[in-house]
Amino acid sequence: MFIFNKRLALALSCVSFVLGLSACSTVPKNLQVADGVNLVSFDNASKQGNELVGEQARWGGVIVAVKNLQQQTMLELVHYEAYSSSKPKVTDESKGRFRVYVKQFLEPGIFKSGRMVSALGTVATPEQGKVGEYEISYPVLNNAEVHIWPEAKEIDSRADLWADPFWPYSSRWYWRRYHYLHPYYIPTDNKKRPSKKKASTRE
């Protein structure tokens with residue numbers, strides 16, 4: 001029993017170690033930071049942005065505007081809280097918008113409105129702007145590295161069939177296929193049946 005428990009503990013330790021490594025590797029490589037680096041949260045940058053200029057931050061959001069400047073590209077994003085991988089958790093709640101400056105040309109046909117992006121950069125002085133007629137203050141990331149997340153693909157509706165406890169026997173496809181592979185057998189009598197004599201019309 002002692003040996004069994006020792007082996008179980010060792011197996012669990014190995015699994016925990018592997019899971020720990022996988023959790024670290026989920027952050028895109030260009031957005032990873034060294035251990036011990038304290039990243040500025042979006043909340044703190046919104047409240048005390050001028051005091052945090054020069055600090056590193058990693059935020060995620062959804063693009064609402066793209067502006068290609070002469071030597072860099074500006075992305076305007078709606079901020080969302082992120083998973084441990086830094087991927088934005090898109091919900092119906094947001095704490096505001098922010099701007100990201102990347103020192104290269106970003107194709108607006110790819111970095112377009114609605115795409116999810118995570119960015120790692122240096123906190124810069126907040127910028128003032130408007131959304132419609134409403135004035136807002138934008139937290140800013142300069143010299144940023146960005147990662148654009150793949151667009152969600154349409155889920156195959158056939159996957160829902162696994163939720164049917166009677167599938168595939170409840171599907172038309174199954175029975176059409178079944179009868180194609182197992183055609184009906186209609187027995188026939190090869191013996192000739194005696195033909196009925198016609199009644200004589202003679203008297």
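**An exposed serine and an aromatic cluster**

Ser113 counts as exposed, with a relative accessibility of 57% (exposed means over 50% relative accessible area, buried under 20% and partly exposed in between, with a 1.4 Å probe and protein chains only). The model is predicted, so local features need pLDDT of at least 70 and side-chain atom pairs count only at pLDDT 80 or more, while totals for chains, interfaces and linings use all residues. Residues are numbered from 1 along each chain as its sequence is written, and side-chain values use heavy atoms, leaving out hydrogens and water.

Ser113 is found in the loop between β3 (97-102) and β4 (116-131); strands (E, at least two residues) and helices (H or I, at least four) are DSSP runs numbered from the N terminus. Apart from neighbours within four places in sequence, Ser113 is in contact with Ile63 and Val64, where contact means heavy atoms within 4.5 Å. The C-alpha atoms of Ser113 and Val64 are 4.7 Å apart, although 49 residues separate the two along the chain.

Turning to the aromatic residues, the structure holds three aromatic pairs (ring centres of Phe, Tyr or Trp, the last by its six-membered ring, within 6.5 Å; planes under 30 degrees apart are stacked, over 60 edge-to-face and the rest tilted). The Phe42 and Trp59 rings are edge-to-face, because their planes stand at 85°, with the centres 5.4 Å apart. Phe42 belongs to helix α2 (residues 42-48) and Trp59 to strand β1 (residues 56-68), so this pair ties together parts 17 residues apart in sequence. Phe42 is buried at 4% relative accessibility, and Trp59 is buried at 3%. Together with Phe98, Phe42 and Trp59 form one aromatic cluster.
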